[in-house]
Amino acid sequence: MEKKILLISTFSDKKFGMGHLKRSINTAKALSDFFYPIILINNNQEAIKEIEKTQIPYIKVYSKKDEIETLNKVSSEFIIIDKRDTSFYKNIKQITVAVDNYGKDTDYFDFLFSPLPYIKEFNSNFSSLKYLVVDPNIFKIKKKQNKNINNILVSFGGSDPNDLSFLAKNLLEEILITRSFNIKIILGPLYNGRLTKEKIDNPNIKIEGFKDSLYSEIEWADLVITSFGITAIESLIANRLVFVIDPTDYHNMLSKKLKIPSVIGDHNDFSNIKNMLNDFIRYPFSPIIELPESNSFFASVVKDILANKKSTCPVCNNFKDRIVVHRNGVNNVFFCKKDKIIFRNETYFCDKNYGSEYFLSSYKKQYGKTYEEDRGNIDRLNRKRINVIKRLLGRKSRPKLLEVGSALGFFLDMARNSGFIVKGVEISKYGSDYSKNILKLDVINSSFTEIDFEYPSYDVVSMWYFIEHIKDMEKVILKIKKALKVGGILALSTPNCYGITGRKNIKEYAKKIPDDHYYEFSPRSLTKVLEKYGFEKLKVVYTGCHPVRLWDKIPKFLYPVIIYFMKIFGLGDTFEAYYRLKK
Ligand SMILES: [Zn+2]
């Protein structure tokens, strides 16, 4: 089979250096078994020279506009974006995978990798160093961890503007008075510090110029002294001891996040740094972190996620207005900003078992009593629902009502007492047995979509907190139409993702969505969905209006007024909606 094109877009300049580009080259190599990678690069001579050393094809992009045009032209389904800040990938058709990206369009990326630590808490799909793609040569270095330090490598990268090489030399010179090591200091190609002129008398310290690769030096070393960055991580992958002297607080914060032994390289703090380095050499230790063992782990994860389709909103069938509000491995929770609906990726599946435990311990955990013990509250709610349905039905003797997901049968029981001819469908055996044996109701123990209805004979179909649990929503709606007469009423309730809690912070809200909810609607999105199938909205009732969720300092005596306004402005965290089937 021919390999599909995979675009890898990266950026390199003086300020950001070659890091992203080098990783992109390694990513291209790691994925070339599965895809045909093409690198997109800004017009930077150094960077292009670097790519041309490899066999990887590339396209030069001159501007954002140029890149967007390129993306529209190239027939590729996927793009990996390895740049720090971006703001123009919102509306592209490709599946977007961003790496260490903290730009304005992060919420729009299909998948996010954050292998490197970040200063703020950040919700990525995959965030661990083990997803870091490095030069595969690092895996060839023989691993060793020698607590007896003989060889020390010092390297502070390309330019070392804070002259940490000089600081390290002075530190080691003093430490050498009492101990003996072989020390190699590698100066970068742009280094312009004091070690260029200084003559070193100590025979144990060698200063060398820049090399194309540090790997043979890392191989030689027992201890690597560097700042936070790829050399530190590569040395850890090779199982070498690492001591980090960081140029800034920012770098040091990142070192601390990974628990790498570190200090800030303040030249005025010399004796303190010396003591810390001395202690480290005496009692060396390594952080316990997950490191990559090869690049194939990252490659296999990318291959899997790229087998997904680009997720689209079930209402507008588009991806332009949808953002990712929660990420967890391959699973995303999406929110369409236009339609106010929450949905998940197509491959998501929750294997929930609706046994007795669902009505007993898990219900109790959430509401403080079992479903059965909560009957008083449930009945109060059901009384209101039945009154609404009766009003909407008008005069009709002995109307027929079907409840989908009838739980223990409390609603059916009350509807029967109010003059309805009732039938229930309940997937839980515990629920249907309770309904049949205790409440003497006509309830089928089955999944709703597996029941055959000969012809539409029901005046009412009710579904309380059912539809959000259904992955194949269309199948359920079509089944309702098999049971419900034209002119009949569909009554349902469901969480409102655009109530007060969702409006306050949709990401916090999305974090807490139960695993078995495939969708969370708003009245607007639910109506848009049902209108496609010939239903018209009759009435929406906002429930779950809790003033404390609006503001926790509202005095109790104001609650009735606040609840009144929450209902008017649609701020309930749940709602009931009533529809008529027109055709
Ligand atoms: Zn939409």
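Q: How many helices and strands does the chain have?
A: This is a predicted model, in which local features need pLDDT of at least 70, side-chain atom pairs count only at pLDDT 80 or more, and totals for chains, interfaces and linings use all residues. Residues are numbered from 1 along each chain as its sequence is written. Helices (H or I, at least four residues) and strands (E, at least two) are DSSP runs, numbered from the N terminus. The chain has 20 helices and 23 strands.

Q: What radius of gyration does the chain have, against that of a compact globule of 583 residues?
A: The radius is taken over C-alpha atoms, and the globule rule is 2.2 Å times the number of residues to the power 0.38. For a compact globule of 583 residues this would be near 25 Å. The C-alpha trace spans about 105 × 50 × 40 Å along its principal axes. The radius of gyration of the chain is 32 Å.

Q: Which residues of strand 5 are buried on each side?
A: A residue is buried if 20 or more other C-beta atoms, placed from the backbone, lie within 10 Å of its own. Strand 5 (residues 95–99) is mostly covered, with five of its five residues buried. On one side these are Ile 95, Val 97 and Val 99, and on the other Thr 96 and Ala 98.

Q: Which elements do the buried residues of helix 13 pack against?
A: In helix 13 (residues 410–417), the buried residues are Phe 410, Phe 411, Leu 412, Asp 413 and Ala 415. Contact requires C-beta atoms, placed from the backbone, within 7 Å. The buried residues pack against helix 12 (375–393), strand 16 (400–404), strand 17 (421–426), helix 14 (429–437) and strand 19 (458–464).

Q: Why are helix 12 and helix 13 oblique to each other?
A: Angles under 35 degrees count as roughly parallel, over 145 as roughly antiparallel, 65 to 115 as roughly perpendicular and the rest as oblique. Axes are lines fitted to C-alpha atoms, for helices over the stretch in contact, and angles run from 0 to 180 degrees between N-to-C directions. The axes of helix 12 and helix 13 are 10 Å apart. The two helices are therefore oblique, at an angle of about 50°.

Definitions and conventions
Buried ≥ 20, exposed ≤ 12 C-beta atoms within 10 Å, placed from the backbone. Contact = placed C-beta atoms within 7 Å.
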